[in-house]
Amino acid sequence: PFEPLFERIRNHPNMTYKGFVPNEELRKALVVADVFAYPCTWSETSCLALIEAMAAGLVCIHPTLAALPETAANSTMMYDFHEDKEKHADTFYMMCDNFLSNVKQEDIRKLSAFSKTYSNLIYNWDSRKQQWEHLLHYLLSTVTDRENAKEKDYLYVKIGQ
């Protein structure tokens, strides 16, 4: 059903349509891009696409839907999400048009540096590993009675693997 949209993108002189590509190729493309325009309408609990775009240093434009604000932590350009798809599309268009019409190259560098620094600090595997270990150890510490001790030992073995 999106083929007419893809065709318009293919024929637009300022857009490039790549279709489905492997993640490795996508990451290479992110490094040379400037903007990640993401008019998401799915309630996500986290967004790997947004995290990868931030880590690549892109200026990210997206709605305030679900966990996207927490994922971005004010290091991106967000707009209010609308349930009404037409209002959402209009708001997304205005946000992108306003940004592209008024932004200076220096501002792009500042925004992208902030976003990249934040994502690399927060969304790295060492940091995530520590967060999970703290959570699991906390959960283990709540097991107190003898009957649950077997579960505690089981959980501890699973953590160590």
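A residue is called buried when its relative accessible area is under 20%, exposed when that area is over 50%, and partly exposed in between, with a 1.4 Å probe and only protein chains considered. By that rule C47, at 1% relative accessibility, counts as buried. The structure is a predicted model, in which local features need pLDDT of at least 70 and side-chain atom pairs count only at pLDDT 80 or more, while totals for chains, interfaces and linings use all residues. Residues are numbered from 1 along each chain as its sequence is written, and side-chain values use heavy atoms, with hydrogens and water left out.

**Overall build**

- The chain has eight helices and three strands, where helices (H or I, at least four residues) and strands (E, at least two) are DSSP runs numbered from the N terminus.
- Read from the N terminus, these elements follow the order α-α-β-α-β-α-β-α-α-α-α.
- Of the chain's 161 residues, 27% count as buried.
- Taking contacts (heavy atoms within 4.5 Å) between residues at least 6 apart in sequence, 47% join residues that are at least 24 apart.

**Surface**

- A nonpolar surface patch is formed by W132, L135, L136, Y138 and L139, which together have about 510 Å² of accessible area.
- Patches are made of residues with over 30% relative accessible area and no salt bridge, with like charges joined within 9 Å and nonpolar side chains (Val, Leu, Ile, Met, Phe, Trp, Tyr) within 5 Å; a salt bridge is a side-chain nitrogen of Lys or Arg within 4 Å of a carboxyl oxygen of Asp or Glu.

**Helix α7**

- L139 sits in helix α7, which spans residues 125–141, and with 40% relative accessibility L139 counts as partly exposed.
- S127 also lies in helix α7, but at 17% relative accessibility S127 counts as buried.
- Leaving aside residues up to four places away in sequence, S127 touches L121 and I122, and a polar atom of the S127 side chain lies 3.5 Å from the backbone oxygen of I122.

**Cysteines**

- The structure holds zero disulfides, a disulfide being a pair of cysteine sulfur atoms within 2.5 Å.
- C40 is in no disulfide, and its nearest cysteine sulfur, that of C47, is 6.2 Å away, which is too far for a bond.
- C40 is buried, with a relative accessible area of 5%.

How values were computed:
Accessible areas come from the Shrake-Rupley method with a 1.4 Å probe; for residues, only the protein chains shown count as cover. A polar contact is a pair of N or O atoms within 3.5 Å; within protein, one must be able to donate a hydrogen and the other to accept it, and residues adjacent in sequence count only if both atoms are side-chain atoms.
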